Amino acid sequence: MNTESGTNGVLAAIEELRIDSKIGKSKHFAASDRKMLWHRIFGIPVIVANLFVGIVLVNLQSTSGAKDSPISPATSVASAPTPPTGAPNSHLLENEYLYLLSILLAFGAASLSGVQTFFNFHKASEGHRSIGNRYVHVSRQCKALQQRHRDIPFPADALWKEYEKIYSEYNQINTEAEAFPTSKADLKTAKGAAEISPYKNPHS
């Protein structure tokens, strides 16, 4: 009983560190999901647009090839009807529309690709996920220390040494996480996130 009462301070610090690590983990996982969503929003239209532009170019190439194919004078005079004067060539107009559309789509795809390259959503998502996994490790260390102290009570000075080791790792993660900032929405999501395996502090 005396050992438990003499370690209240360090046990409270360990629990606070566990909760902070849990929030940090959930916050960066939420940011990772958000970045991956933007990666797909910008990436899928680029793929579709480039595919359509390729189809249009193949179609225009085949059309121009058929138009430039040699035709004998006798066949052309016998089979080709003479279009009325001033009648628009519908096939030519259709090709022009497809050509303009392909230009617009190519410009749009290049713009979206430029935004995607500038923000590098995929790399940012991976960075947030990596930081989140490191917070998970810290949180699990805190849980393990709490459970070990429950089975084998540690003196206060030994608990403080273990806490300082874990906190040093936590502080290092915080420093490296500055390269991957999160938003207020990520923090709000993290605070409301439920644990996959609910955990109750054995010393509360």
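Me: What is the relative accessible area of Arg-129?

Reply: Let's begin with the scale: buried means under 20% relative accessible area, exposed means over 50%, and partly exposed is in between, using a 1.4 Å probe and protein chains only. Arg-129 has 31%, so it is partly exposed. Keep in mind that this is a predicted model, in which local features need pLDDT of at least 70 and side-chain atom pairs count only at pLDDT 80 or more, while totals for chains, interfaces and linings use all residues. Residues are numbered from 1 along each chain as its sequence is written, and side-chain values use heavy atoms, with hydrogens and water left out.

Me: With which residue does Arg-129 form a salt bridge?

Reply: The rule for a salt bridge is a side-chain nitrogen of Lys or Arg within 4 Å of a carboxyl oxygen of Asp or Glu. Arg-129 makes one with Asp-33, where the closest N and O atoms are 2.8 Å apart. These two sit in distant parts of the chain, Arg-129 in helix α5 and Asp-33 in helix α2, 96 residues apart. Asp-33 is partly exposed, at 47%.

Me: How many salt bridges does the rule give?

Reply: Five. One of them joins Asp-186 to Arg-34, with 2.6 Å between the closest N and O atoms. Asp-186 belongs to helix α7 (residues 184–192) and Arg-34 to helix α2, so this pair ties together parts 152 residues apart in sequence. Asp-186 is buried at 4% relative accessibility, whereas Arg-34 is partly exposed at 27%. There is also a bridge between Glu-176 and Arg-134, whose closest N and O atoms are 2.3 Å apart. Here helix α6 supplies Glu-176 and helix α5 supplies Arg-134, and 42 residues separate them.

Me: How many helices and strands does the protein chain have?

Reply: Helices (H or I, at least four residues) and strands (E, at least two) are DSSP runs numbered from the N terminus. This chain has seven helices and zero strands. To see how its parts meet, count contacts, meaning heavy atoms within 4.5 Å. Among contacts with a separation of 6 or more, 95% are between residues 24 or more positions apart.

Me: Which residues have the most contacts inside the largest nonpolar core?

Reply: In soluble globular proteins, nonpolar side chains tend to be buried together. A nonpolar core is a set of buried Ala, Val, Leu, Ile, Met, Phe, Trp, Tyr and Cys residues joined through side-chain atoms within 4.5 Å. The largest one here has 17 residues, and those with the most contacts inside it are Ile-14, Leu-17, Val-138 and Leu-159. Helices α2, α5 and α6 (156–177) each give two or more residues to this core, and α6 provides the largest share, six. Leaving aside neighbours within four places in sequence, Leu-17 is in contact with several residues, including Val-138, Cys-142 and Tyr-170.

Me: What does Ser-21 touch, not counting residues up to four places away in sequence?

Reply: Tyr-135, Val-138, Ser-139 and Tyr-170. Ser-21 lies in helix α2 (residues 8–67), and its 0% relative accessibility counts as buried.

Me: How are the rings of Trp-160 and Tyr-163 arranged?

Reply: A pair of aromatic rings is described by the distance of the centres and the angle of the planes. Rings of Phe, Tyr and Trp (its six-membered ring) pair if their centres lie within 6.5 Å; planes under 30 degrees apart count as stacked, over 60 as edge-to-face and the rest as tilted. The structure holds eight such pairs. For Trp-160 and Tyr-163, the centres are 5.5 Å apart and the planes at 90 degrees, so the pair is edge-to-face. Both residues lie in helix α6, about one turn apart. Tyr-163 is buried at 15%, while Trp-160 is partly exposed at 35%. Tyr-167 and Tyr-170 form a tilted pair, with 6.0 Å between centres and 40 degrees between planes.

Me: Which residue has a positive phi although it is not a glycine?

Reply: Most residues other than glycine have a negative phi. Asn-120 has a positive phi of about 50 degrees. You will find Asn-120 in the loop between α4 (90–119) and α5 (121–151), partly exposed at 35%.
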